[in-house]
Amino acid sequence: MEIDLKPDGTSWTEEYVAFVKTCEPAPNWRYTMVGTILSEELQSYFTGDKSAEEVAEVIQSRVRIYLDEAR
C-alpha cells in the first residue's frame with residue numbers, strides 16, 4: 001500500500017506507530033449489527049468498487065433501517 005509523504009518529503013511512519021500504540025480494542029458494541037454493516041460495506045471502498053461517498057450513503061441507509069427496526 002502506498003502512503004503519501006509529508007510535505008517536507010519525510011515519512012509518516014513515526015506518527016502512525018505512535019497512533020497505533022495508543023489504540024485500544026473497541027468495547028463490546030451495544031449494536032453489534034452496526035459493526036457488521038460497517039465491515040460489509042467498507043470492503044467495497046477498500047477494493048475500489050465504490051467511492052467513500054457511495055459507501056457512506058449505503059452505511060447510513062442500512063444503519064438507519066436497522067435502528068428503526070430495533071425500536
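Glu41 is buried, because its relative accessible area is 12% (buried means under 20% relative accessible area, exposed over 50%, partly exposed in between, with a 1.4 Å probe and protein chains only). Its side chain meets that of Arg62 in a salt bridge, 2.6 Å from N to O. This pair links distant parts of the chain: Arg62 lies in helix 3 and Glu41 in helix 2, 21 residues apart. Helices here are DSSP runs of H or I with at least four residues, strands are runs of E with at least two, and both are numbered from the N terminus.

This is a predicted model, in which local features need pLDDT of at least 70, side-chain atom pairs count only at pLDDT 80 or more, and totals for chains, interfaces and linings use all residues. Residues are numbered from 1 along each chain as its sequence is written, and side-chain values use heavy atoms, with hydrogens and water left out.

**Salt bridges**

Side chains of opposite charge can pair when their charged atoms come close. A salt bridge is a side-chain nitrogen of Lys or Arg within 4 Å of a carboxyl oxygen of Asp or Glu. The whole structure holds four salt bridges. The table lists some of them, including the Arg62 pairs.

| Pair | N to O distance |
|---|---|
| Arg62 and Glu41 | 2.6 Å |
| Arg62 and Glu40 | 2.9 Å |
| Arg71 and Asp68 | 3.4 Å |

Arg62 also forms a salt bridge with Glu40. That pair too links distant parts of the chain, with Arg62 in helix 3 (residues 52-70) and Glu40 in helix 2, 22 residues apart.

Glu40 has 42% relative accessibility, so Glu40 is partly exposed.

Arg71 and Asp68 join their side chains in another salt bridge. Arg71 is exposed, because its relative accessible area is 81%. Asp68 is partly exposed, at 43% relative accessibility.

**Thr32**

Thr32 belongs to helix 2, which covers residues 32-46. Its relative accessibility is 56%, so Thr32 counts as exposed. Where does Thr32 stand relative to Glu14? The two are 18 residues apart in sequence and 33 Å apart in space, C-alpha to C-alpha.
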